[in-house]
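Here is a quick tour of a few residues worth a look. Have the model open as you read.

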Amino acid sequence: MENLILSFHVVLPLFICISLGYFLKKIKLCDEKSLNVINKLCFKVFLPIYLFYNIYTTDLSAAFHPKLILFAVGGLIAIFFALMMLVPKIEKENTRRGVLIQAVFRSNFALFGLPVALSLCGVELIGPTSVLLGLTVPVFNVLAVIALETFRGGKPDVKKMLYGIVTNPLIIASVIGIAFYFLKIKLPQGVEKSVVDLGRVATPLSLVALGGSFTIGRVKGYTKQLLVGVVGRLVVVPAVMISLGILLGLRNETLIPVMIMFGAPTAVSSFPMAQQMGGDGELAAELVVFSSGFAIVTIFLWTFVLKQGGFI
């Protein structure tokens, strides 16, 4: 019951913000034009600031587990390439292919990672999750850009794809965050406080925009895509990766981040990124909404099973 309550409290803020966005759209306090402006602000300003600060403040020396890092990053890349081959056989439309691939491999690890890990293993054993979070967020973003650029339309333009990766605000923020960490560059106190405050805007504002863009009437047109995306994200991917992690000997504080990373719902930032990069924004929005909703159940179940098995 405690784990169910934990999952509920982690996901509840998402639904409050999404509901607010949907309500604001219903009462016509915001329209399509204003939502597009908000999405641009989130994608080009607030989300990059949030990502930069996450990486900038991650203590890589606190807990470094090579087996965990190699397994998680290698597994993420393997899943990505498997999806790049499989999804085009399932989905015919290019605008939906990149969105589906991103939805299945890209989890909301940044939002779910630390709160869930803190509850399950305590602050003294949260190091491996923090390290993995700092290292995988840039990988998530690079792979997401590749997927969306590849299926932007017609034959992929390698030069255009590389340009899209290099100029992507989230990639730039990741690189700057890594540089600041390794060069030990410290922000002045006033600047750091501003970065923290601006970064906090990213998730709630993205969710409000997400709620405003969500149209329940379109669900029928995306039934197959939603089924593939949600089941792939919340059931298939975590089942495979958690099982492999157990076989490799990962336990407790090194298995918990694997469960969260591969079992969390689709990343909120996948919605504005898909919308800004020519993907099907409506599908991306609904994948975030539905995966976030069902994640309450699946995260509880994964936690319960692993605890019952004595693995965490």
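Is S206 buried or exposed? With a relative accessibility of 1%, S206 is buried, because the cut-off for that label is under 20%. Keep in mind that the model is predicted.

S206 sits in helix α9. A polar atom of its side chain lies 2.8 Å from the backbone oxygen of A202. If you set aside the neighbours of S206 within four places in sequence, its contacts are C42, L47 and V268.

Now for some backbone angles. Most residues other than glycine have a negative phi. K184 belongs to the loop that links α8 (169-182) and α9 (189-213), while N252 belongs to the loop that links α10 (223-247) and α11 (256-263).

Here are those two side by side:

One last stop is L86, which is part of helix α3 (residues 66-90). L86 has a relative accessible area of 45%, so it is partly exposed. Between L86 and R97 there are 9.9 Å from C-alpha to C-alpha, with the two residues 11 apart in sequence.

Technical notes
Residues numbered from 1 in each chain as written. Predicted model: local features only at pLDDT ≥ 70, side-chain atom pairs only at ≥ 80, totals over all residues. Heavy atoms only, no water. Helix = DSSP H or I, 4+ residues; strand = E, 2+ residues; numbered from the N terminus. Buried < 20%, exposed > 50% of the residue type's maximum accessible area, 1.4 Å probe, protein only. Polar contact = N/O pair within 3.5 Å; in protein donor to acceptor, adjacent residues only side chain to side chain. Contact = heavy atoms within 4.5 Å.
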